[in-house]
Amino acid sequence: MTNRVLGFIEGIKSVEGGLLRIYGWAKHPHKNVPAQLVEVVDQSNNTIATSIPNKQRVDVQNSYNNPGLLLTGWEVNVDQSKLKGASELHAYAVEGRNRYKLSGIVKPQSNKGTMFAGYHIDTLIKRGLKVGKNFNLQAECFIDFPHCWLITIGDNVTFAPRVHILAHDTSARTFLGHTKVGLVNIGNRVFVGNDAIIMPGVSIGDDVIIGAGSVVTKDVPSGSVYAGNPAKLICTTKEYLNKTKELLGETPVFGSEYTIEKGITEDMKQHMIRRLKESGGVGFI
């Protein structure tokens with residue numbers, strides 16, 4: 001029987017020097033070793049770059065609960081000019097004379113964040129994920145692609161980098177032979193901070209802020225700020241915004257020119273640091 005290579009093209013992101021980093025994982029499942037080689041191609045099957053999987057990726061191992069994935073990560077840095085005209089990128093694992101297409105695609109020109117595990121948000125929407133207007137998805141989020149039709153996201157929602165939305169839980173499968181699944185509903189005007197995890201069966205109301213690193217195991221009512229593991233009520237959203245407005249009036253505020261995107265200079269960086277030190281380390285941009 002011909003061995004089959006498993007893996008994903010996970011995402012693409014900007015790195016220093018005007019480069020784009022394309023990354024993923026690829027393994028030879030029956031041998032439980034990394035694939036020999038990964039080839040990244042554009043929509044016309046032109047080779048963009050190649051990579052040998054050998055990078056330790058504990059994130060891959062943990063996310064898929066498979067120690068065999070530890071050394072299967074791959075990544076390549078590509079000059080953005082080399083991707084001109086490429087609307088999407090695919091990846092293949094190469095084993096001898098055979099090529100095996102990896103799951104997922106990435107879109108170099110997309111203004112939507114790429115998701116960990118190789119799926120573009122548009123693919124999940126086609127599969128049944130329900131998303132409202134003005135959804136701001138940052139890089140390397142994980143939206144439960146095998147059960148995405150169980151997830152509903154409202155209007156004006158922001159996911160910071162590496163947010164995980166889970167609609168299934170396989171923890172008892174080894175013992176009971178079944179996987180738990182649950183609906184996940186996220187309301188309107190919701191911000192979910194970096195590395196937060198929303199568990200199956202959770203509903204989040206409107207006008208909610210979820211703190212970075214939180215694990216949300218129970219429903220979150222509208223108009224509230226939750227944080228922690230497990231996430232608990234911190235204050236109301238109104239109270240949080242009132243405190244933030246007070247701080248806004250007492251600390252330095254920097255314009256958009258103080259960002260990488262707008263070409264911040266070294267002098268401006270030092271100026272920002274000095275102002276923040278003078279105000280106790282906090283300000284706004």
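Helices (H or I, at least four residues) and strands (E, at least two) are DSSP runs, numbered from the N terminus. Two strands pair if DSSP finds at least two bridges between them. The model is predicted: local features need pLDDT of at least 70, side-chain atom pairs count only at pLDDT 80 or more, and totals for chains, interfaces and linings use all residues. Residues are numbered from 1 along each chain as its sequence is written, and side-chain values use heavy atoms, with hydrogens and water left out.

**Exercise 1.** Describe how β7 is joined to β8.

Solution.
- Step 1: strand β7 covers residues 89-95 and runs antiparallel to β8, with 4 bridges between them.
- Step 2: in these strands, A93 stands opposite Y100, and E95 stands opposite N98.
- Step 3: the two strands form a hairpin with 2 residues between them, and G96 in the turn has a positive phi of about 65 degrees.

**Exercise 2.** Give the strand order of the open sheet of 4 strands and name its edge strands.

Solution.
- Step 1: the order is β5-β4-β7-β8, with antiparallel pairing.
- Step 2: β5 (47-51) and β8 (98-101) each pair on one side only, so they are the edge strands.

**Exercise 3.** Check the length of helix α5 (residues 266-278).

Solution.
- Step 1: the expected span is 1.5 Å times one less than the number of residues.
- Step 2: the 13 residues of α5 should therefore span 18 Å.
- Step 3: the end C-alpha atoms of α5 are 19 Å apart, which agrees.
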